[in-house]
Amino acid sequence: MLIDFENQRFEIAFNRVPLHFRVLKDKNYNISYKGKGIDVEKVVLADSVTVQLYPKMNLGDQALEIFYKEPGEIAKDDFRIVMDNIIDMDGNKLDYSETYSLMQFREFFVQQRKPVVQYPDKHLYMDKNWPIFQDQPIIKPDNYDDFWMNTPLRNEGAIIK
């Protein structure tokens, strides 16, 4: 929310495009300054995401105290604005969130740790210049039956020993 002292109005900028018929209702805004309410006389849509609120400026209205002070004399903490029934074009309601209880599946891989006694032949290493799933060698260990291998589908040309 921004106070426009020159034009004597409040401006609210949304981060998403609101539904125009909802955002133009003055009853959807409740503004107070130092605990006293400010009545909104007119709501204008400046652009697709900016709303201008013109307060009532009659004698005794709280808005007169704001707009006839110096901007430095007004503290941000003295203001409170509550907006209700404002929905964006995607149907998201302002200040409303839903929580979901979801189960997430994760795979956990454990390999047997073996000290390297002898390195495999040079042609069995992965070729770093090729994509991961294109003609890369896949080697079956001697104790293959002791492990469950989650390997990619075998491609033609892959080396399996």
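This report describes the strands and sheets of a predicted protein model.

**Overall make-up**

The protein holds 2 helices and 7 strands. Along the sequence they run β-β-α-β-β-β-β-α-β. Of the 161 residues, 22% are buried. The accessible surface is about 13,300 Å², and carbon and sulfur atoms account for 50% of it. Contacts between residues at least 6 apart in sequence were also counted: 54% of them join residues at least 24 apart.

β1 and β2 form a hairpin with 4 residues between them. Gln-8 lies in the turn and has a positive phi of about 50°. The two strands pair over 3 bridges in the antiparallel sense. Ile-3 has Phe-10 in β2 as its bridge partner.

β2 (residues 9–13) also pairs with β6 (residues 50–55), over 4 antiparallel bridges. Phe-10 stands opposite Leu-53 in β6. Ile-12 has Val-51 as its bridge partner in β6.

How enclosed is β2 by the rest of the structure? It is largely enclosed, because 4 of its 5 residues are buried. Buried here means under 20% relative accessible area.

**The sheet of 3 strands**

Another open sheet has 3 strands in the order β4-β3-β7, and its pairing is antiparallel. β4 (36–38) and β7 (79–83) stand at the edges. Each has a single partner strand, so one side of each is left without a neighbour in the sheet. The twist averages 30° from one strand to the next.

β3 (residues 29–33) and β7 pair in the antiparallel sense over 5 bridges. Within this pairing, Asn-30 has Val-82 in β7 as its bridge partner.

**Strand pairs**

| Strand pair | Sense | Bridges |
|---|---|---|
| β1 and β2 | antiparallel | 3 bridges |
| β2 and β6 | antiparallel | 4 bridges |
| β3 and β7 | antiparallel | 5 bridges |

Strands of a sheet pair through backbone hydrogen bonds, either parallel or antiparallel.

Technical notes
Residues are numbered from 1 along each chain as its sequence is written. This is a predicted model: local features need pLDDT of at least 70, side-chain atom pairs count only at pLDDT 80 or more; totals for chains, interfaces and linings use all residues. Side-chain values use heavy atoms; hydrogens and water are left out. Two strands pair if DSSP finds at least two bridges between them. Buried means under 20% relative accessible area, exposed over 50%, partly exposed in between (1.4 Å probe, protein chains only). Contact means heavy atoms within 4.5 Å. Accessible areas come from the Shrake-Rupley method with a 1.4 Å probe; for residues, only the protein chains shown count as cover. Axes are lines fitted to C-alpha atoms, for helices over the stretch in contact, and angles run from 0 to 180 degrees between N-to-C directions.
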